[in-house]
Amino acid sequence: MAKPADTRTANRKPARGTRTAAETEKIRAALAARRDELRGEYDQTLSEITELQRERLTDSAGDDQADTGTKTLEREQEISLANGILERITQVERALERLDQGNYGWCERCGDPIPVERLAAFPSATLCVKCKQLEERR
């Protein structure tokens, strides 16, 4: 007959910092590369917005209210896109800070480890799946 599992060891969370230095550096390099990629995308988007603004200013003669409204909507969408990229840059930088502090890969709310699969899909995740689901329901 098999012995029942010892609940003290079954419920114990793994110790933080079980990642090797090589694994940490690999994660850091991936996050830094993603941050640099996003910064390039952000700079490109700002450059495009600036160019489009110049074109709109020189091509606005004879615009009616509908044309002006359309241009305003397009500008707001472009700015929203740039702000989304900036938010992702901030998330990646925060993940790098968490990595430096030894908190990367651990849920900020419950303290449980974030599954490797979630971190692979979303490297700047700060919440485990369960806590993220609870947050989204609110």
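**Reading a pair of helices**

Tutor: Start with the result: α2 and α3 are roughly antiparallel to each other. This is a predicted model, where local features need pLDDT of at least 70 and side-chain atom pairs count only at pLDDT 80 or more, while totals for chains, interfaces and linings use all residues. Residues are numbered from 1 along each chain as its sequence is written, and side-chain values use heavy atoms, with hydrogens and water left out.

Student: What is the secondary structure of the chain?

Tutor: Elements are DSSP runs, numbered from the N terminus: helices (H or I) have at least four residues, strands (E) at least two. Here there are five helices and zero strands. Along the sequence they read α-α-α-α-α.

Student: At what angle do the axes of α2 and α3 cross?

Tutor: Axes are lines fitted to C-alpha atoms, for helices over the stretch in contact, and angles run from 0 to 180 degrees between N-to-C directions. Angles under 35 degrees are roughly parallel, over 145 roughly antiparallel, 65 to 115 roughly perpendicular, and the rest oblique. The axes of α2 and α3 cross at roughly 160 degrees and come within 9 Å. That is why the two helices count as roughly antiparallel.

Student: Is the crossing of α2 and α3 left-handed or right-handed?

Tutor: Left-handed means the near helix is turned anticlockwise from the far one by less than a right angle; right-handed means clockwise. The crossing of α2 and α3 is left-handed.

Student: What span should helix α3 have?

Tutor: Expected span is 1.5 Å times one less than the number of residues. Helix α3 covers residues 65-101, so its 37 residues should span 54 Å; its end C-alpha atoms are 53 Å apart, which agrees. Now α2: its 38 residues should span 56 Å, and the ends are 55 Å apart, which agrees too. After α3 comes Gly102, with a positive phi near 85 degrees.

Student: Which residues of α3 are buried?

Tutor: Buried means under 20% relative accessible area, exposed over 50%, partly exposed in between (1.4 Å probe, protein chains only). In α3 the buried residues include Lys71, Glu78, Ala82, Ile85 and Ile89. They pack against α2 (21-58). The buried residues of α2 include Leu31, Arg35, Leu38 and Tyr42. What covers those of α2 includes α3. Of the 138 residues of the chain, 23% count as buried.

Student: What does Glu78 touch?

Tutor: Contact means heavy atoms within 4.5 Å. Glu78 sits in helix α3. At 18% relative accessibility, Glu78 counts as buried. Leaving out residues up to four places away in sequence, Glu78 touches Thr45, Ile49, Leu52 and Arg56. Leu52 belongs to helix α2. At 31% relative accessibility, Leu52 counts as partly exposed. Leu52 and Arg75 are 23 residues apart in sequence, yet their C-alpha atoms are 8.6 Å apart.

Student: How many of the contacts in the chain join residues 24 or more positions apart?

Tutor: They make up 56% of the contacts with a separation of 6 or more.

Student: How many disulfides does the structure hold?

Tutor: A disulfide is a pair of cysteine sulfur atoms within 2.5 Å. The structure holds zero.
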